[in-house]
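Please read the following report alongside the sequence and the coordinates. It takes up strands and their pairing, then helix packing.

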Amino acid sequence: PGPLGEPYLIGVGRADCTGPPAEIPLMGYANPQQTAAGIHTRLYSRAFIIDDGSRRVVFVTADVGMISQRLRLEVLQVLKEKYGNLYRQDNVVLSGTHTHCGPAGYFQYTLFMITSKGYIKASIEPLVNGIVKSIDIAHSTMKPGRIYRNRGELDESSLNRSPHSYLNNPENERQRYKSNTDKQVLVLKFTDLDGDGIGMISWFAVHAVSMNDTNRMVSSDNMGYASYLLEKDKNPGELPGQGGFVAGFSSSNLGDVTPNIRGPHCVNTGLPCDYLNSSCPVGGTKMCQASGPGEDMFDSTKIIGHNIYMKAKELYANAVEEVTGPIQAAHQWVNMTDVTVKINDTHTVSTCKPALGHSFAAGTTDGGGSLNFTQGAVEGDPFWDGIRDILLGKPSNQTKECHHPKPILFSTGEMNSPLPWHPQIVDVQIITIGSVAVIAVPGEMTTMSGRRLRKVVKEELESVGTFRNTEVVIAGLSNIYTHYITTYEEYQVQRYEGASTIYGPHTLTAYLHKYRELAKAIAQDRVSGLPVGPEPPFFTNNLFSLLAPAAVDRKPENTSFGDVLEQVLPLYRQGDVVSVTFIAGNPRHSGDIRDKTFVTVEIYDNRTETWEVVYNDASWETRFHWLKGSNKQNNATVEWYIPPSAPVGSYRIRHFGHYKELKSLRPVIIPYEGSSDVFTVMSSYYS
């Protein structure tokens, strides 16, 4: 219900945004060896549009590591062409779930281009098109409806991975909270006027890193699995990504929060890592890894994802507190290298040009960091600093002093070749739907940073009396990526999160100041008076790609693409794993793979004498592995993990793809398909 008690108009939409699942680095662990080689689950964009009769807002949560500035600008450009002035930078929030297993290459700043083979058109296009399509679907399905809110606590699904930094926060502040991570889950339930559910958004602060950096399959990780389960519940009988009910699971202030709740141990000895710098006596930081609750990363993803799903489902089922009231949206572009905040009558503090500290190269206990830097470094390392000075140039004294005590590894704000290494212009944005305020944060806020931000925004919104009983939630990884945002106190410790707080020790103070201004404008209904701020750049020259074109495919003599190299067995039982290997082309040759599949598992229906698709490559139960062989001969292995509940019957597994060959010296791309033999699934031994 808007200002006059009439219901909101609500639209929900979901669209496939999976990019090329081969040879492109996966975005998140910054491990150049971790390139895509198949699909475990597909990536989706989920959009929610809410209109109160005079204003509307769009919230998108997409299965990506983070929204980049380039991705946002390209999406806004397409929305402008399609819808004119309806969807703009101020009323559209784009947030990433923070999976670390989606294709990279959708960035325009040099640091991100270097780690992900450049700016890759084939990678950014499916993201832009998928996000826009999810908004199109939401736009075209808008109808009157209601919104309910509910919140609860979720335990045993998250752990603070930098407790030493957290402990540096003031004791009286820490005493206000019972844990060093935020356990709360917020759910918004969307229904039509009959009370039938049409969608849900849930926020919970945890890294989507249950899948580690050895995984090569595209995956939506724990958050994506939670969406998958709730959508399966609400859209019975549909394949993944199909059906009208849309369940978005959004990231929050997850900066120092890991799902790998068994904590960090030395892989080679099984003993806990050194507490202060997360390294091991033999093997250093590379050996110090945190593990999840499961027996492997797939199992851990399943357990954590299931926990998040169960809590959201329970909160959704019991949501009765209706959200009513007007909608607002406030947005500003801010030059984050140059924000000065007055903290009292005599003192001001300022942000810095961006820079990354030594501990950035150490990675975290969740992965990354192959050069054996350690976390907690407040001294530089003469060896690496020497190399940096030769290759990239010394940081200026001004930047060094501004970032103190961070020992600077990369002075990215002073590196502009071939394009700036890091952004200067950053989005700050808040949308409010009745009594719910969503703060779009351009990076990864730690637990305590997020608590401070929510507190400031809530106080400001409620100061005038327009807002009461406000629920304030952070949507992380939104709009543009600026790494981490720690508190001033956590920054002093210089673990990975502090070293990756790129605008210096007062980054959070600057954000608190900027978001407070937005909240004040919303509370006083003065949003139209907010200055727009300096527009971010949209680079057209000097974007580079280091990804070679996909090669011509070869196959063994006297065979065809799609032929089976390793055949299925004739008989399986529920709970077994079926595996079949095909002669395959490079998945990059398949072009835009959205709404298609490389794999189907099909059951034979005796009654109609037809084959029916029961699983595809988006299904959790299937794994599509692409194996890049020698001599340009590639294979695809498809695995199907037969669920205990699978119907007994006759099945086959099919694989679809494209290969490239030269016809009179010109490359031609040709579709192919292959099928396994028919096999039988019987009931399991234990039934």
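This is a predicted model: local features need pLDDT of at least 70, side-chain atom pairs count only at pLDDT 80 or more; totals for chains, interfaces and linings use all residues.

Strand β6, which spans residues 92-96, is accordingly described as mostly covered, with five of its five residues buried.

Strand β5, made up of residues 56-62, pairs with β6 in the parallel sense, and five bridges connect the two.

## An open sheet of seven strands

Antiparallel pairing holds together an open sheet of seven strands, whose order is β7-β2-β3-β32-β33-β29-β27. Its edge strands are β7 (102-103) and β27 (564-566), each of which pairs on one side only.

Inside that order, strand β3 (residues 35-39) and strand β32 (residues 622-628) run antiparallel and are joined by two bridges. The bridge partner of G38 in β32 is H625.

## Helices α6 and α7

Helix α6 (residues 221-234) and helix α7 (residues 297-317) have axes that come within 8 Å and cross at roughly 50 degrees. An angle between 35 and 65 degrees counts as oblique, and α6 and α7 are therefore oblique to each other. Their crossing is right-handed.

On the α6 side the residues in contact are D221, N222, M223, Y225, A226, L229, L230, D233 and K234, and they meet T301, K302, I304, G305, H306, I308, Y309, K313 and Y316 in α7. Sorted by class, this contact of α6 with α7 comprises nine nonpolar, four polar and five charged residues.

## Helices α10 and α13

Helix α10 (residues 447-462) packs against helix α13 (residues 507-523) at an angle of about 25 degrees, and their axes are 8 Å apart. Because angles under 35 degrees count as roughly parallel, α10 and α13 are described as roughly parallel to each other. The crossing in which α10 passes α13 is right-handed.

From α10, the residues S449, R452, L453, V456, V457, E460 and L461 make the contact, together with L508, L512, Y515, R516, A519, K520, I522 and A523 of α13. By class, the contact of α10 with α13 contains 10 nonpolar residues, one polar residue and four charged residues.

Definitions and conventions
Residues are numbered from 1 along each chain as its sequence is written. Side-chain values use heavy atoms; hydrogens and water are left out. Axes are lines fitted to C-alpha atoms, for helices over the stretch in contact, and angles run from 0 to 180 degrees between N-to-C directions. Helices (H or I, at least four residues) and strands (E, at least two) are DSSP runs, numbered from the N terminus. Angles under 35 degrees count as roughly parallel, over 145 as roughly antiparallel, 65 to 115 as roughly perpendicular and the rest as oblique. A crossing is left-handed if the near helix is turned anticlockwise from the far one by less than a right angle, and right-handed if clockwise. Contact means heavy atoms within 4.5 Å. Ala, Val, Leu, Ile, Met, Phe, Trp, Tyr, Cys and Pro count as nonpolar, Asp, Glu, Lys and Arg as charged, and the others, Gly among them, as polar. Buried means under 20% relative accessible area, exposed over 50%, partly exposed in between (1.4 Å probe, protein chains only). Two strands pair if DSSP finds at least two bridges between them.
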